[in-house]
Amino acid sequence: MNQYGKITATARYLPDKVVTNDDLTSFMETSDEWIASRTGIRQRHIAVEENTSDLCLKVAEKLIAQAAISAEEIDFIIVATMSPDYTCPSVACMVQGQLGAHNAMAFDISAACSGFVYALTTAEKFIQGGMQKGLIIGGEKISKLLDWNDRGTSVLFGDGAAGVLLEASSEPGILKMSLEADGQRAQSLTSGYHNSQNVFEMEEKDSYLQMDGRGIWNFAMNDVTKSLKKFIADEPTVDYYLFHQANKRIIEKMARKLKEPIEKFPMNLMNYGNTSAASIPILLDELVEQQVLQLGGNQTVCLTGYGGGLTWGNLLVQL
Ligand code: ACO
């Protein structure tokens, strides 16, 4: 019998410390007006002592508690992140060990802000292949990658984690998927560069997150919009679009290009900034908590991620 993945639980974890735009003005030349008018962001959460694996572990614990299952029942854990604690071991393995999910295989996916969409697509294939339960988490302590002297990038991001439990079901939950990449534009967003030839000449600034803001804007407006238009062309109804939460203006403009009402594009970036791979599942969990979305309620949502790589992708999910 064919089986498919169904989302049966959602959870999020945000570190306690909140840094508002006004807080940033105490150590950099910026303003709430500049940040909010260009991006919509008003504050972000910053992890002080916790690392990415700590944020993801909190999400994993919440997911198994909510589903009332034991950690041993989990078959696989996938973490999407661009800010892992270590290059090796993976965040997913750290979560597996601390959770006591001894029967789970575990690995990370590196697809920047598209990471959650890439990870959920991968997870669906494992479920279709016979696995029963997987944790799919997007988690970032992106604050440690930032050059806090660079006001052009540091104000945009925030830390956080969120995820879902995907369980085998006879009913399809993930109706359609598309993933794309363009490595020729890899330099549009980089972070954590290690120069293998001139290790003694490497400057610290080379490893900080760097971004071609205009280039990313054009990428979102052209490639991501084109791919999404094609993706939804034959779909009768999409109840909500859960976009990667990078920038309010990008989402508003995309809604206009798709000729869909802005009410179908919920946003929370004002509270969290851009949390990269965590942004879509944080939004999903908030909407479930607010009962805008109901797990098992049959609403159709389109998850759209785009970011470094360049990578982008869409998932049509029936809840
Ligand atoms: N506060 C005050 N002034 C600032 C700040 C700041 N935080 N940052 C930059 N400025 C100044 C610049 O120094 C520059 O001043 P100048 O004209 O005197 O040289 C001016 O503001 C304009 O700077 P730009 O970098 O050209 O700003 P722009 O208008 O392009 O806006 C932004 C930047 C918001 C990032 C824009 O390019 C954008 O929306 N890009 C889309 C990409 C995006 O949102 N990326 C997020 C992460 S990537 C992702 O998730 C996929």
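**The annotated C-terminal region**

Residues 238-318 are 32% helix and 25% strand, with the end C-alpha atoms 10 Å apart. UniProt, in an unreviewed entry, labels residues 238-318 as "domain: Beta-ketoacyl-[acyl-carrier-protein] synthase III C-terminal". The model is predicted.

**Aromatic pairs**

- The whole structure holds 8 aromatic pairs.
- One of them joins Tyr-241 and Phe-265: ring centres lie 4.6 Å apart and the planes meet at 5°. Planes under 30 degrees apart count as stacked, so this pair is stacked.
- The pair links distant parts of the chain, 24 residues apart. Tyr-241 sits in strand E11 (residues 240-243). Phe-265 sits in the loop between helix H9 (248-258) and helix H10 (269-272).
- Tyr-241 is buried, at 1% relative accessibility. Phe-265 is buried too, with a relative accessible area of 3%.
- Phe-265 also pairs with Phe-243, this time edge-to-face. The centres are 5.4 Å apart, with 80° between the planes.
- Phe-243 lies in strand E11 and Phe-265 in the loop between H9 and H10, so this contact ties together parts that are 22 residues apart in sequence.
- Phe-243 has 0% relative accessibility. The cut-off for buried is under 20%, so Phe-243 counts as buried.

**Other ring contacts**

- Phe-76, Phe-107 and Phe-126 are linked into a cluster by ring pairs.
- Phe-231 has a charge over its ring: the charged end of Lys-176 sits there, 4.9 Å from the ring centre.

**Cysteines**

- How many disulfides does a search of the whole structure find? It finds 0.
- A disulfide is a covalent bond between the sulfur atoms of two cysteines. Here, a pair of sulfur atoms must lie within 2.5 Å to count.
- Cys-56 is in no disulfide. Its nearest cysteine sulfur belongs to Cys-93, 13 Å away.
- Cys-88 is in no disulfide either. Its nearest cysteine sulfur is also that of Cys-93, at 8.1 Å.
- Is Cys-56 buried or exposed? Cys-56 counts as buried because its relative accessibility is 0%.
- Cys-88 is exposed, with a relative accessible area of 65%. The cut-off for exposed is over 50%.

Notes: Residues are numbered from 1 along each chain as its sequence is written. This is a predicted model: local features need pLDDT of at least 70, side-chain atom pairs count only at pLDDT 80 or more; totals for chains, interfaces and linings use all residues. Side-chain values use heavy atoms; hydrogens and water are left out. Buried means under 20% relative accessible area, exposed over 50%, partly exposed in between (1.4 Å probe, protein chains only). UniProt positions are given in the numbering used here, feature names are shortened, and annotations may be inferred rather than shown by experiment. Helices (H or I, at least four residues) and strands (E, at least two) are DSSP runs, numbered from the N terminus. Rings of Phe, Tyr and Trp (its six-membered ring) pair if their centres lie within 6.5 Å; planes under 30 degrees apart count as stacked, over 60 as edge-to-face and the rest as tilted. A charge sits over a ring if NZ of Lys or CZ of Arg is within 6 Å of the ring centre and within 35 degrees of the ring normal.
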